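Visitor: I would like to go through this structure with you. Could we begin with the aromatic residues and then turn to the sheet and the helices?

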Amino acid sequence: MSTETIAEQMKRLKVCVIIPTYNNHKTLPRVLNGVLERTDSVIVVNDGSTDNTLTILSNYQHITQIHLPQNKGKGNALRHGFLAAKGAGYEYAITIDSDGQHFPEDIIVFLKHIDDAKAPILLIGSRDMTSENVPKKSSFGHKFSNFWYHFETGVKLSDTQSGYRSYPLNAIPKRLFTQKFELEIEVIVRSSWKGVEVKNIPVNILYDPEERVSHFRPFKDFTRISVLNVVLVMIALAYIKPRDFVLSFKKKSFKDFIREDVLGSSDSKLKKSLSIALGVFIGISPFWGFHTVIVLSLAVVLKLNKVLAFAFSNVSFPPFIPFIIIGSLQMGKIFIKETQPLVVNKSITFDAIADNLTLYLVGSFILATTMSIIAGFTSYFVLSIRLKKYPKTN
């Protein structure tokens, strides 16, 4: 059985404890003493406190202290703490609130999971929000935050708001943008997007209305968190989810794609054919740079096969682009007979460019519609023959 102390384990794993504090003079000494019983690898960030926090901290000169001249929010304090921890050579930082709700005894739980992890992991202490004295506003915010984190990352957590956490300092985003409570949302969402595992672990909690002071401002801070979630949702829908989908798709071989997604899919022949037709239409259409976002969004809305729609939207990959453009121009010329092909020379005019653009736009939509109809009917015919020849067996 190992006799390694918590302090020795923290040094081996290069872990420190960061305690951000603002006007928590009632509970700060108890929190500090509890942590120092286990380790002296402590960084306290005094976020411009106006009570007697400075006097209290003068009794703890042996620990690292950062004194910010003005209160700018918990997120700003954490950012200063992270920089100091990285500068001191730490690889993980356990953050514990100074309001007394967390138990320093649970530090050992974080260390166990850090020690067992095979890759950088971000741990969040999961609290029992049904326990006595938990404010209703905290319970609501807890559920609200969990929902949006799941929507933005696809990962389900039981607690996304707890300030009792451990951060893998070299794996979280190097640049964080928020400064107040919403930073704790920003960092876990963006870390998850980077591929860092974010996991809950059980911790104890104490809500003592007699001594606990919360600096959470329901209206202002909830508004800031809501604005952040709007931004994160937009980024997730426009970039992260399409990126993850494309990356997962690229891992498949062509043979696996045909076997699993074309022939093995449980979707009907009609649904598969319509998905292929949608992909071809979007791939040829003039929405350059937005094909992936548009085709995946439409596939979701129309309840079609996202994999097939995305795969066939790639008809516009580089070798085919010149043929698509020429085909669009020629198709447009049939319907806009007055327009002359654009000739690139020194006498080129804006009107000539505008005429050619109209030619291309009209022609590309007509070509896209034509090719999508052909692709849809052809795929339906091929699937019918294939399934008759090789019927599915249960």
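Predicted model: local features only at pLDDT ≥ 70, side-chain atom pairs only at ≥ 80, totals over all residues.

Visitor: How are Phe144 and Trp148 arranged as an aromatic pair?

Guide: Phe144 and Trp148 are edge-to-face, with 6.4 Å centre to centre and 70° between the planes. The planes count as edge-to-face because their angle is over 60 degrees.

Visitor: And how far apart are these two in helix H6?

Guide: Phe144 and Trp148 are four residues apart in helix H6 (residues 136-153), so about one helical turn separates them.

Visitor: Now the sheet. In what order do the strands run?

Guide: The open sheet is formed by seven strands in the order E3-E2-E1-E4-E6-E5-E7, and the pairing is mixed.

Visitor: Which strands stand at the edges?

Guide: Strand E3 (64-68) and strand E7 (197-202) do. Each has a single partner strand, so one side of each lacks a neighbour in the sheet. From one strand to the next, the twist averages 20°.

Visitor: How do E5 and E6 run, parallel or antiparallel?

Guide: Strand E5 (residues 121-126) and strand E6 (residues 165-168) run antiparallel and are joined by two bridges. Opposite Arg165 in E6 stands Ile124.

Visitor: Which strands does helix H7 touch?

Guide: Helix H7 (residues 183-193) packs on the sheet and touches E5, E6 and E7. The direction of H7 makes about 45° with that of E6. Helix H2 (residues 28-36), in turn, lies across strand E1 (15-21) and strand E2 (42-47), and runs at about 180° to E1.

Visitor: Let us change topic. At what angle do H10 and H11 pack?

Guide: Helix H10 (residues 269-284) packs with H11 at an angle of about 150°, and their axes are 10 Å apart. The two are therefore roughly antiparallel. H10 passes H11 in a right-handed crossing.

Visitor: Which residues make that contact?

Guide: H10 contributes Leu278, Gly279, Ile282 and Gly283, while H11 contributes His291, Ile294, Val295, Leu298 and Ala299. By class, six are nonpolar, three are polar and none is charged.

Visitor: And what about H11 with H12?

Guide: Helix H11 (residues 291-301) packs with helix H12 (residues 306-313) at about 150°, with the axes 9 Å apart. That makes H11 roughly antiparallel to H12.

Visitor: Which residues are in contact there?

Guide: On H11 they are Thr292, Val295, Leu296, Ala299 and Val300, and on H12 they are Lys306, Ala309, Phe310 and Ser313. This contact has six nonpolar, two polar and one charged residues.

Note on methods:
Residues numbered from 1 in each chain as written. Heavy atoms only, no water. Axes fitted to C-alpha atoms, helices over the stretch in contact; angles between N-to-C directions. Parallel < 35°, antiparallel > 145°, perpendicular 65-115°, else oblique. Contact = heavy atoms within 4.5 Å. Nonpolar A, V, L, I, M, F, W, Y, C, P; charged D, E, K, R; others polar. Pairing = 2+ DSSP bridges. Phe/Tyr/Trp six-rings, centres within 6.5 Å; stacked < 30°, edge-to-face > 60°. Left-handed = near helix turned anticlockwise from the far one by under 90°.
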